[in-house]
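Morning, everyone. Please have the model open on your screens. I'll start with a loop and then go inside.

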Amino acid sequence: AGVLYLEVASAGSGVQESIALSDGTADNRILFYYTTGGDIALQIRIGGSSVASGSVTGLTETDFHKIAIRYQDDSLQMFIDGGKEKDIAGTWTVPAFDRLVFDNGAGGGVSAFYGKLRNLQVYKTALTEAKCISLTT
C-alpha cells in the first residue's frame with residue numbers, strides 16, 4: 001500500500017509518457033501515464049495482468065497538475081487538483097514496489113517520460129483520502 005504523488009505536466013509530444021513504480025519486473029507495477037491523446041491515465045498490473053485501469057479526460061496536458069495515486073489491496077484511487085477522479089475496486093494483493101522508473105516499467109525505456117516534474121513523492125503507506133485531497137489542492 002502507498003501513494004505516488006506527482007506535480008507534473010506532459011511535454012505535449014503526442015506520445016505516451018509514463019512514470020511507474022515496480023518490483024523490478026514488468027509483471028507488477030503501478031503505472032501513471034499521459035496517453036497519446038493527452039489524457040491522464042493509471043493502471044495497476046499484478047502477476048502480468050492489468051487488474052485495474054482508468055483515465056481522466058478534459059485536462060490540459062501541458063499544464064501542471066497535482067496528482068496522487070493511492071494504491072492498496074483491492075483499491076486504486078486517483079486524485080487530481082483537489083478532487084477524487086477515479087475510485088476503482090477489485091480483488092488483488094499489491095506486491096512490494098521498490099523501484100521508480102521514468103518509463104512504463106516494462107524495461108527498455110518504452111514510453112519514456114519527457115514532461116516536466118516539479119515534485120515527486122512516494123509514500124510507503126496509503127495516506128487517508130483527506131490527506132490525498134490536501135496534497136493535490
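D81 sits in the loop between β7 (75-80) and β8 (83-89). Strands here are DSSP runs of E, at least two residues, numbered from the N terminus. This is a predicted model, where local features need pLDDT of at least 70, side-chain atom pairs count only at pLDDT 80 or more, and totals for chains, interfaces and linings use all residues. Residues are numbered from 1 along each chain as its sequence is written, and side-chain values use heavy atoms, with hydrogens and water left out.

What is the phi of D81? It is near 50 degrees, a positive value in a residue other than glycine. Most residues other than glycine have a negative phi. D81 counts as partly exposed because its relative accessibility is 40%; buried means under 20%, exposed over 50%, partly exposed in between, with a 1.4 Å probe and protein chains only.

S111 also is not a glycine, and its phi is positive, about 60 degrees. Look for S111 in the loop between β9 (99-101) and β10 (116-123).

Now the inside. A nonpolar core is a set of buried Ala, Val, Leu, Ile, Met, Phe, Trp, Tyr and Cys residues joined through side-chain atoms within 4.5 Å. The largest one has 25 residues, and F32, I69 and L76 touch the most other members. Elements giving it two or more residues include β1 (2-9), β3 (29-34) and β7. Its largest share, 4 residues, comes from β4.

A second, separate core has 7 residues, including V3 and F79.
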